[in-house]
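Hello,

Here is the structure we talked about handing over. Please open it first, then read the notes below.

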Amino acid sequence: MSPERLWKLSAALWPAHRRLALLVKKFNSAIYHNSLPPNVSFQPDIRFGHHGFGTVIHSNVVIGRRVWIWHNVTRSEERRVGKECRSR
């Protein structure tokens with residue numbers, strides 16, 4: 001099973017079945033060495049290059065349509081008091 005499908009499964013289980021969603025996330029992390037939180041907002045057409053090995057996504061990131069994420073990519077969000085939020 002691909003990392004995208006596992007991530008979509010964990011997201012579909014969140015928040016109604018939190019423990020199961022986190023178990024699927026841990027399974028995905030063990031196989032593909034990534035960190036893909038189930039509560040990230042992403043579009044269903046997301047794709048990973050090289051199976052997303054080493055990919056880390058912060059839980060507050062919003063991912064739009066037609067996005068390819070390659071291996072060893074880290075996406076986070078920076079927030080500072082009094083400043084507009086931006087994605088890195």
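The chain has two helices and eight strands. This is a predicted model, so please read everything below as computed from it. From the N terminus on, the order is α-α-β-β-β-β-β-β-β-β.

Overall figures for the chain:

- Of its 88 residues, 32% count as buried.
- The chain exposes about 5,900 Å². Carbon and sulfur atoms supply 54% of that area.
- Take the contacts with a separation of 6 or more: residues 24 or more positions apart account for 21% of them.

Helix α1 covers residues 3-13. Which of its residues are buried? They are Pro3, Glu4, Leu6, Trp7, Ser10 and Leu13. And what covers them? The cover includes helix α2. It also includes four strands: β1 (41-42), β2 (47-48), β3 (56-57) and β4 (62-63).

Helix α2 spans residues 18-32, and Ser29 sits in it. Is Ser29 buried or exposed? Its relative accessible area is 19%. The cut-off for buried is under 20%, so Ser29 counts as buried. Setting aside residues up to four places away in sequence, Ser29 touches Asn34 and Ser35.

If you have the model on screen, two places go with these notes. One is α1, with Trp7 and Leu13 among its buried residues. The other is Ser29 in α2, with its contacts to Asn34 and Ser35.

Best wishes

Terms used:
Residues numbered from 1 in each chain as written. Predicted model: local features only at pLDDT ≥ 70, side-chain atom pairs only at ≥ 80, totals over all residues. Heavy atoms only, no water. Buried < 20%, exposed > 50% of the residue type's maximum accessible area, 1.4 Å probe, protein only. Contact = heavy atoms within 4.5 Å. Areas by Shrake-Rupley, 256 points an atom, 1.4 Å probe, with all protein chains shown as cover.
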